[in-house]
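This report describes a structure in terms of its salt bridges, its ligand site and its sheet. The sequence and the model are shown below.

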Amino acid sequence: MSEPLYDTFGRKHDYLRVSLTERCNLRCRYCMPEEGIELSPRHHICSRAELLHLIDRFISLGVRKVRLTGGEPLVRKDAGEIIDEMAQRPVSLAMTTNAVLVDRYINRMKNAGLTNLNISLDSLDPDRFMMITRRTHFEKVMANIHLLLKEDFNLKINCVVMRGMNEDEIPGFVEWTRHLPISVRFIEFMPFDGNRWQTEKMVSYAEIMEHIRRDFTFERLDDAPNDTTKHYRVPGYTGNFGVISSMTEHFCGSCNRIRLMANGAIKNCLFSDSETDLLTPLRQGEDVEPIIRESIRNKKASHAGMENLADQPNRSMITIGG
Ligand code: SAM
Ligand code: SF4
């Protein structure tokens with residue numbers, strides 16, 4: 001095997017997040033504008049063979065964890081085949097999904113050992129869900145979450161907290177962990193093109209904890225290495241909760257992530273405004289390893305080297321894959 005992917009700060013990059021598609025069946029306000037986004041032309045999107053080839057190249061460079069994401073990964077027509085193929089690779093496999101289509105894929109996921117899922121859910125109220133996602137799939141998502149729990153999947157629920165939108169639901173989400181073996185992760189809202197970023201909309205880690213402190217006593221849990229979440233549990237509750245404080249207390253120091261987008265470009269940081277095309281060189285028969293190494297070498301210490309994230313242009317989250 002080749003030398004692993006180290007950046008100039010000594011961070012080893014062994015976690016690849018792969019966006020399978022730019023498309024989505026929801027229109028979450030914090031992620032995607034109502035009219036959708038301008039999609040890459042069809043021939044600029046990796047075929048399944050190209051995607052798997054690039055993933056295999058990363059695996060040969062030491063990647064040991066792959067997360068399938070999107071857009072909504074399960075709206076890609078060959079998502080099932082990609083899941084089957086990924087089951088053959090020597091990696092820990094996970095997915096981030098909005099869970100709308102999970103019932104169609106649950107057996108395939110189980111067979112592939114894809115049992116670690118992060119599910120986006122920002123409200124426990126059907127009307128609120130509709131307001132945030134601009135779609136009516138609440139009942140479906142809830143039914144699928146319960147189906148997955150019945151089938152012993154390991155679920156993390158991602159809840160993006162936005163001021164004036166859902167911060168009043170924080171205690172309700174914590175209460176949800178009383179009887180369910182889930183981990184609810186409150187995420188600080190981040191700036192991206194198309195989500196009409198306003199600094200005031202961000203509810204900080206400190207404020208989220210303040211909301212919880214009013215109703216609960218809780219204990220801090222240990223976090224795994226490279227974990228982006230600070231974990232807590234209400235004593236006696238089955239599940240736990242945590243906060244992903246990307247904005248107010250970033251975790252760039254232990255970043256081990258590389259992002260491969262559906263158009264075959266990589267981003268060395270979620271906040272980077274530049275991306276590196278691997279698809280064109282791949283189609284021209286070039287070895288992409290030196291290009292990957294160069295991109296990792298150019299990675300900045302934190303937040304892509306930006307002082308003020310809100311002023312920076314960036315793609316919308318939907319194409320990067322979170
Ligand atoms: N469609 C899938 C889903 O929603 O789970 C996967 C893709 S989505 C872009 C990945 C994650 O990014 C989701 O958990 C979503 O909540 C999060 N996300 C999207 N836009 C965000 C923003 N502006 N700030 C914080 N998190 C965001
Ligand atoms: Fe779609 Fe996920 Fe973005 Fe919501 S957060 S619009 S479900 S990609």
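A search of the whole structure finds 21 salt bridges, a salt bridge being a side-chain nitrogen of Lys or Arg within 4 Å of a carboxyl oxygen of Asp or Glu. The model is a predicted one, in which local features need pLDDT of at least 70 and side-chain atom pairs count only at pLDDT 80 or more, whereas totals for chains, interfaces and linings use all residues. Residues are numbered from 1 along each chain as its sequence is written, chains are lettered from A and ligands numbered from 1 in the order in which they are written, and side-chain values use heavy atoms, with hydrogens and water left out.

**Salt bridges**

Side chains of opposite charge can pair when their charged atoms come close.

| Pair | Distance |
|---|---|
| Arg-108 and Glu-81 | 3.9 Å |
| Asp-168 and Arg-128 | 3.0 Å |
| Glu-210 and Arg-213 | 3.1 Å |

Arg-108 and Glu-81 form a salt bridge that links distant parts of the chain: Arg-108 lies in helix α3 (residues 102-111) and Glu-81 in helix α2 (residues 79-86), 27 residues apart. Helices (H or I, at least four residues) and strands (E, at least two) are DSSP runs, numbered from the N terminus. Arg-108 is partly exposed, with a relative accessible area of 31%, and Glu-81 is partly exposed with a relative accessible area of 31%. On this scale buried means under 20% relative accessible area, exposed over 50%, and partly exposed in between (1.4 Å probe, protein chains only).

The salt bridge of Asp-168 with Arg-128 also connects distant parts of the chain, with Asp-168 in the loop between β5 (154-161) and α6 (170-176) and Arg-128 in helix α4 (residues 126-133), 40 residues apart. Glu-210 and Arg-213, by contrast, are three residues apart in helix α7 (residues 205-215), and therefore separated by about one helical turn. Glu-210 is partly exposed at 37% relative accessibility, and Arg-213 is partly exposed at 46%. Elsewhere, Arg-57, Asp-287, Glu-289 and Arg-293 are linked in a network of salt bridges.

**Ligand site**

Ligand 1 is surrounded by 20 residues, of which the closest are Tyr-30, Gly-71, Ser-120, Asn-158 and Met-190; a residue is near a molecule if one of its heavy atoms lies within 4 Å of it. A polar side-chain atom of Glu-72 is 3.2 Å from a nitrogen atom of ligand 1. From an oxygen atom of ligand 1, an N or O atom in the side chain of Ser-120 lies 2.6 Å away, and for Asn-158 the corresponding distance from an oxygen atom of ligand 1 is 3.0 Å. The protein covers 95% of the 550 Å² of accessible area that ligand 1 has on its own, areas being computed by the Shrake-Rupley method with a 1.4 Å probe.

**The sheet**

Twelve strands form an open sheet of mixed pairing, in the order β7-β8-β9-β6-β5-β4-β3-β2-β1-β10-β11-β12; two strands pair if DSSP finds at least two bridges between them. β7 (219-220) and β12 (276-277) stand at the edges, each with a single partner strand, so one side of each is left without a neighbour in the sheet.

Strand β10 (residues 257-260) is covered on both faces: Arg-257 and Arg-259 on one side, and Ile-258 and Leu-260 on the other, are all buried. Strand β1 (residues 15-19) pairs with β10 in the parallel sense over four bridges, and Val-18 has Leu-260 as its bridge partner. Strand β11 (residues 265-267) pairs with β10 in the antiparallel sense over two bridges, with Arg-259 opposite Lys-267.

Notes. Polar contact = N/O pair within 3.5 Å; in protein donor to acceptor, adjacent residues only side chain to side chain.
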